[in-house]
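Here's a quick tour to follow with the structure open beside you.

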Amino acid sequence: MTHDLARELTLLSHATGRQVGVLVDRRGAVTHAMVGGPHSIELPDWGRMRAGPGRLRGLRCIHTHLGNEGLTRDDLTDLALLRLDAMVSVGMDASGLPDRAFTATLRAANDEGATVQQLPPRPPSLVDLDFQRFIRDLEEELARTTRARTVGDGERAILVSVTAGRRAEDHEAAIAELKELARSAGVVVADVVTQHRPRMDPKYALGEGKLQDLVIRAFQRGVDLVIFDQNLTPTQARNLGERMELRVIDRTQLILDIFAQRASTRDGKLQVELAQLRYRLPRLSQQDLGLSRLGAGIGGRGPGETKLEVDRRRVRDRIARLERELTHLRREREERRRRRDRRGLPVLSIVGYTNAGKSTLLRALTASDVRVEDRMFATLDPTSRRLRFPRERDVIVTDTVGFIRDLPVDLVAAFRATLEELDGADVFLHVVDASAPDIERRIAAVRRVLGEIGLEDTPELLVFNQIDRLAPGDGAALAERHGAVAISALHGSGLRELLERAATLLFEEGHHRSAGAGELFALTAAGGTSA
Ligand SMILES: Nc1nc2c(ncn2[C@@H]2O[C@H](COP(=O)(O)OP(=O)(O)OP(=O)(O)O)[C@@H](O)[C@H]2O)c(=O)[nH]1
Ligand SMILES: [Mg+2]
């Protein structure tokens, strides 16, 4: 930087009592000039004009400080949010002549997790000397670190979680689950950012410092997707999206994405699309409109806003159409169910937390070829199979979508087909992954959903699955404490006791009282009927 430029800025600043600044490109040309207040200065808003992953903006901000204090937190936030090459503040003496210059730059990913580098203060005339080389090195390093990581087809994301008053172990379990969800969605987790604060910030979810940290980390890792563990309010989602050059989604949207990937039936696809649109509508903002924002005037009702209105109406129209179509499909489903006439046959419905092993159990019980996957929400559409108990008594066994804690209302609606299926169940087999760290919490989450849809009175048999993953004897003891049957659906152990107890519930305590339980059961499938 020339001494002249620094002097012109500080003298102007001195005369007006305001901060004054310029943006300078890499050739040294001034591209913008700004006048601020006594303690701050506002930089132009580039909106969604992206600098490109792993790339700096190619601009330095040089501005005055009336005192001689170093860079403020706001300065560093702007450095991060705008991906500037550097943020420089020039202090001044009592006569308005430049004093020392403070410079900060972003850092490439490093082992210490540092995000910003502050150079020692020096006279403004010296700021430029090593700077060009410095930026070139930094960009090279960034390119290297991002390139090395962009392997694989999965999209990379940073997970963010606010403790929000939760106990440490609950918070940890929540993060582990979010990672699991991300993996199920095919997303690669590049980093996890945690903030300890009693509640979410109403405006940005995170505090100012954490927000800055997040932006820089995303930049360092060449990531442009951020996934929040907590659900964001429409305001938070909008604010974050507009403040950062990052796509921001929350847990619900992640789950909806997984559903969208998995949905295979027409009904399932429409349900998921409907849930997605309902969730997105209040969150629609300028950021979804891409470049149209550039056409909008400052603060006024520019063309961008008109486009937003058009977008909202289109979404609402689509929602209305989906609702009509789904109502139609529901009637058809009811009709089919009536025709199928299972009234004579008792129904055992397998319910439980996602990835507990429900489909594996259906497979084991009916020797059928149901899809099993080590992923959350592998099953979306209900599947039914016939299971023959002794004395020619047939039972329908139904496998359903898994549940998860804090299941949002929009999603519950997307389960409609499953919920209708559950409504006809005589007994629930509530499958629990006995090796999970938070068994009680998961059982409670499943019961809460069942309660919300008014099925809390259906008799339930707790089934502790995956006991092969515990030390011998531990699973049986754990199950006994909960009054549950211990099984390994994968290895086929414990199934006989499971069927005996299910039969007791169905035929002795249930409405099929004619036969006794406690006999040998043949685990034969009498053909598969798809629901
Ligand atoms: N070790 C062990 N693994 C099991 C057992 N039961 C299921 N699994 C594994 O757990 C994973 C999930 O099994 P699924 O049967 O797909 O679980 P689900 O409850 O149907 O899951 P969603 O449909 O996604 O909700 C798979 O990798 C299974 O192989 C078991 O008894 N022991
Ligand atoms: Mg399943």
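The buried residues of H10 are Lys358, Ser359, Thr360, Leu361, Leu362, Leu365 and Thr366. That's 7 of the helix's 9 residues, so H10 is mostly covered. Keep in mind that this is a predicted model.

**H10 and its partner**

- H10 covers residues 358-366 and packs against helix H15 (residues 495-508), with the axes 11 Å apart and an angle of about 90° between them.
- Because of that angle, H10 counts as roughly perpendicular to H15.
- On the H10 side, the contact is made by Leu361, Ala364 and Leu365, while H15 brings in Leu495, Leu498 and Leu499.
- That contact is made up of 6 nonpolar residues, with no polar and no charged ones.
- Two of the H10 contact residues, Leu361 and Leu365, are also among the buried ones.
- In an α-helix there are 3.6 residues a turn, so residues three or four places apart point the same way.
- Just after H10 you'll find alanine 367, which takes a positive phi of about 45°.

- How many of the residues of S13 are buried? The count is 7 of the 7 in this strand (residues 393-399), so the rest of the structure largely encloses it.
- Arg393, Val395, Val397 and Asp399 point one way from S13, whereas Asp394, Ile396 and Thr398 point the other way; all are buried.
- In a regular strand, side chains alternate between the two faces of the sheet.
- Strand S11 (residues 347-352) runs parallel to S13, joined to it by 4 bridges, and valine 347 stands opposite isoleucine 396.
- Strand S12 (residues 383-389) runs antiparallel to S13, with 7 bridges joining the two; here leucine 387 has valine 395 as its bridge partner.
- The hairpin of S12 and S13 has 3 residues between the strands, and arginine 391 in that hairpin takes a positive phi near 60°.

**The six-stranded sheet**

- 6 strands make an open, mixed sheet, in the order S2-S1-S3-S4-S5-S6.
- At the edges sit S2 (30-35) and S6 (116-122), each pairing on one side only.
- From one strand to the next, the twist averages 15°.
- Helix H2 (residues 73-81) packs on this sheet and touches S3, S4, S5 (98-106) and S6, with its direction at about 45° to that of S5.
- S3 (residues 59-64) and S4 (residues 86-92) pair in the parallel sense over 5 bridges, and arginine 60 stands opposite alanine 86 of S4.

**Aspartate 99, up close**

- Aspartate 99 lies in S5, and it counts as partly exposed because its relative accessibility is 30%.
- Leaving out residues up to four places away in sequence, aspartate 99 touches Asn68, Gly91, Met92, Asp93, Pro123 and Pro124.
- Alanine 6 is 93 residues from aspartate 99 in sequence, yet their C-alpha atoms are 9.3 Å apart in space.

**H4 against H7**

- The axes of H4 (residues 168-184) and H7 (residues 251-262) come within 9 Å and cross at roughly 30°.
- An angle like that makes H4 roughly parallel to H7, and the crossing is left-handed.
- H4 contributes Glu177, Leu178, Leu181, Ala182 and Ser184 to the contact, and H7 contributes Arg251, Leu254, Ile255, Ile258, Gln261 and Arg262.
- Those residues divide into 6 nonpolar, 2 polar and 3 charged.

Notes:
Residues are numbered from 1 along each chain as its sequence is written. Chains are lettered from A and ligands numbered from 1 in the order in which they are written. This is a predicted model: local features need pLDDT of at least 70, side-chain atom pairs count only at pLDDT 80 or more; totals for chains, interfaces and linings use all residues. Side-chain values use heavy atoms; hydrogens and water are left out. Two strands pair if DSSP finds at least two bridges between them. Axes are lines fitted to C-alpha atoms, for helices over the stretch in contact, and angles run from 0 to 180 degrees between N-to-C directions. Contact means heavy atoms within 4.5 Å. Angles under 35 degrees count as roughly parallel, over 145 as roughly antiparallel, 65 to 115 as roughly perpendicular and the rest as oblique. Ala, Val, Leu, Ile, Met, Phe, Trp, Tyr, Cys and Pro count as nonpolar, Asp, Glu, Lys and Arg as charged, and the others, Gly among them, as polar. A crossing is left-handed if the near helix is turned anticlockwise from the far one by less than a right angle, and right-handed if clockwise. Buried means under 20% relative accessible area, exposed over 50%, partly exposed in between (1.4 Å probe, protein chains only).
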